[in-house]
Each structure stands twice: as C-alpha cells, then as structure tokens.
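This report describes a protein model with attention to its metal site, its charged pairs and its helix packing. The structure is shown first.

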Amino acid sequence: MKIDRVEVRHLRLPLRRPFETSFGRTIHKEFLLVAASAGGVTGYGECVADADPYYLPETNQTVLHVLRDFLVPIVLGRELSHPRELGPAFARVRGHEMAKAALEMASWELHARREGAPLHRVLGGRGGTVAAGVSIGLQPGPAALVDRVAEELASGYRRVKIKIKPGHDRELVQAVRARWPELPLMVDANSAYAPADAAVFREMDAQRLMMIEQPLAWDDLVDHAELQRQLRTPVCLDESIRSGEDARRALQLGACRVINIKVGRVGGFSQSLAVHDVCRRASVPVWCGGMLETGIGRLANVHLQTLPGFTLPGDTSASARYFEEDLVDPPVVVSRDGTIEVPEGPGIGHQILWPRVERATTFREEWRA
Ligand code: OSB
Ligand code: MG
C-alpha cells in the first residue's frame, strides 16, 4: 500500500469525572487522532499524548511537530508491503514513541481494513472476549475509595487497580483489603516514590497485591531492580518500558516481574509485539494498560490483548466510565462477568461517530503525497 494522505485532528472531550494520579488531575481528554489513507481507505490511530508532559515527556504539541516535520514525510508516498516496515523507517527519529505509535497504529488499522480483517487477526491474536480490569484514580480518602471500588465491582470488574502517592498509600490499600480480602488488587504509583521510600512497599508486601506498578522514576531500571530484590510482590513497569529492548534489559536486570504494555508508550503495535514476545519467552506475564482512551484507542487495546502473553486483565474498561458520549458505535461495554467482546468487523471493528468527532475537534491539519 501507498499512504497518500495523513490527517491529524486535535480533540477535546469532557471526562465524566476527573481522573487523578500522582502526577496530576485530568478533567478534559485532549488528544490527537491520526488518520492515514491509501487509495480511498482510511485507518485511525489515537495518540496517547496529553496536553502536558507529566506522565512521559511528549505532549500533543511535540507529537504534532514530530509528525509534521519528520514522520509524515517518511510515510507519504512510500510503498509499504506491511505496516511492520514503519518501525525501521522511523528508527532514525529518536524517542517520540507516542508520535510514532499514533501514525503506526493508523497504518495497521488501515492495513486491517484493506484486508477486510479485524485488527486482532492481522496482529496474530484471536476472537472471543478479554478480561476487563479497572483503574481507580486517587479519591478524597479511604472511605470514598471503598465506595468507588464497591461501585466498580457491582459493574462486573474483577480486578481493581488503585492509584497511590506518598502520604496516600498504605491506608488506602488497608481499607480496600479489609473489606475485600480476596480481591485481585494492585497499586500504581506513576513514579511518585524514591528508593528511600522502600519501607512503604515492604509494608505493602503483606497485603497480597498482584503487583506494584511503576513505584520509582520513569527513566529508571536499576533502582527498580534493587526494590524488586526486597519484595515478594511483583514490580510491574509501565513508564520505564518504551521498547522491546527496554523490556529485554528490564528482565535481564530483574527490574520487574510483570510488564504493562501500552501501544502508544512503546512506539506502536510492532514494538508492543516485541515486548510481548520478549516477556513470553521469559514466562513473564503482560497486560494491556490504558490512557483514558476514547473508543478508538480502547478498541485497539482490546484487539492487542488477545495475544497469548496477555494473561492478566488489562486497564480496559467500558466507554461509559469515561465519556458521556464516546466516539464509537456501539460503545465498548463490559458484561456482568467482567469481559469485553472482541469485535470481528474490519479494523477496530466499531463505527466511528463522525458528528461527535467533528464537534470535539478544535483544529486539524492534513498532508497529501
Ligand atoms: O499509569 O496506567 C497509568 C491513565 C493516564 C495515564 C497513566 C495511567 C492511567 C491509568 C488509567 O491508570 C487507565 C485507563 O483506565 O485508561
Ligand atoms: Mg501505570
């Protein structure tokens, strides 16, 4: 295929409720939607960058710059026999994984549509259902958190992740554990702690958590390895893993025993498969993370996690947890038993609701071959 048009839109959508992590509070989802076309067929990729660089260094503006000035010129008019050729083509651009991923994901989605196949099939996955987990942001206190967990369990979720930050950690875990002794429970610190805080995690070691996600710095592996040596609970890396090579190094160092794969964070589907394969060879479980995506990115995550190494529930929950009006029809729903159906239609497999996309668009830019 030859990509002859790339379009980027910036969208702004209100979240149904604010989502708070150790690095900040998100009220509106502000993101870029990339469209790649070849001969009249178009594929879509949702970028995971935000307005600010508080999760990882990229922002919507850096993504736009790198797409416009470096990545789109590489892609436009280039003969591609498969989207996996984009990784090597982009390699000269260092970093900027979120920008690479958005265009790469759009190209895979385009490829799937041209084949008339669901995304999971071109990725090497399967149909059926995937297990849905839920990520609960920081709440005003333990009582409010327990109420939120009860609400999510009533909706069907069977695995709960709670956000923590210094000063808001042990008592949150204790409150949830006291009420649900057997609940598959985990915590995510989003890099808020330092090696000197290890005592917090040694204490949590008694709470039978599934894992502790990204306790230390976003660019560190060495300190995570030292922390993992002190704990029985697996450390899971999110921010620190930005490629298949990072995953290999992390496992070699013993920096984690689980990896969270986010397509946008690792530079696209090809690198997601690379992380998956490295972990599978080492018998290390992976699961699919989330970035408060709309249905477009959320469905891409559903397809990815049908690969066999995804043995733990992902942070992929229902559209309605985040948005009054999601951008896909039907919306992503979670069944009473906590699963999401894997679509069988071409590409992401659900229709994009263009009137809603138009209403949420604040600006757009387009390039043609
Ligand atoms: O660290 O996994 C994270 C949301 C935004 C940025 C980082 C993270 C998250 C989540 C939410 O945990 C996952 C989701 O439900 O999409
Ligand atoms: Mg995380």
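## Basis and conventions

A residue is called buried under 20% relative accessible area, exposed over 50% and partly exposed in between (1.4 Å probe, protein chains only). This is a predicted model, in which local features need pLDDT of at least 70, side-chain atom pairs count only at pLDDT 80 or more, and totals for chains, interfaces and linings use all residues. Residues are numbered from 1 along each chain as its sequence is written, chains are lettered from A and ligands numbered from 1 in the order in which they are written, and side-chain values use heavy atoms, with hydrogens and water left out.

Helices (H or I, at least four residues) and strands (E, at least two) are DSSP runs, numbered from the N terminus.

## Magnesium site

Asp188 (OD), Glu213 (OE) and Asp238 (OD) coordinate the magnesium ion (ligand 2) at 2.1 to 2.3 Å. Donors are N, O and S atoms within 2.8 Å of the metal (3.2 Å for Na, K and Ca); water is not among the atoms, so sites may look incomplete. Along the chain, the donors follow the spacing D-x24-E-x24-D.

Glutamate 213 counts as buried because its relative accessibility is 0%. Aspartate 238 is likewise buried, at 0% relative accessibility.

## Salt bridges

A salt bridge is a side-chain nitrogen of Lys or Arg within 4 Å of a carboxyl oxygen of Asp or Glu; by this rule the count comes to 32. Aspartate 238 also pairs in this way with lysine 262, with the closest N and O atoms 2.8 Å apart. Aspartate 238 lies in the loop between strand 9 and helix 9 and lysine 262 in the loop between strand 10 (258–261) and helix 10 (263–266), so the pair ties together parts 24 residues apart in sequence. Lysine 262 is buried, with a relative accessible area of 6%.

Arginine 249 is partly exposed, with a relative accessible area of 37%, whereas aspartate 246 is buried at 14%.

## Helix packing

The axes of helix 3 (residues 97–115) and helix 11 (residues 269–281) come within 8 Å and cross at roughly 95°. Axes are lines fitted to C-alpha atoms, for helices over the stretch in contact, and angles run from 0 to 180 degrees between N-to-C directions. Glu104, Met105 and Trp108 of helix 3 make the contact with Phe269, Ser270 and Leu273 of helix 11, contact meaning heavy atoms within 4.5 Å.
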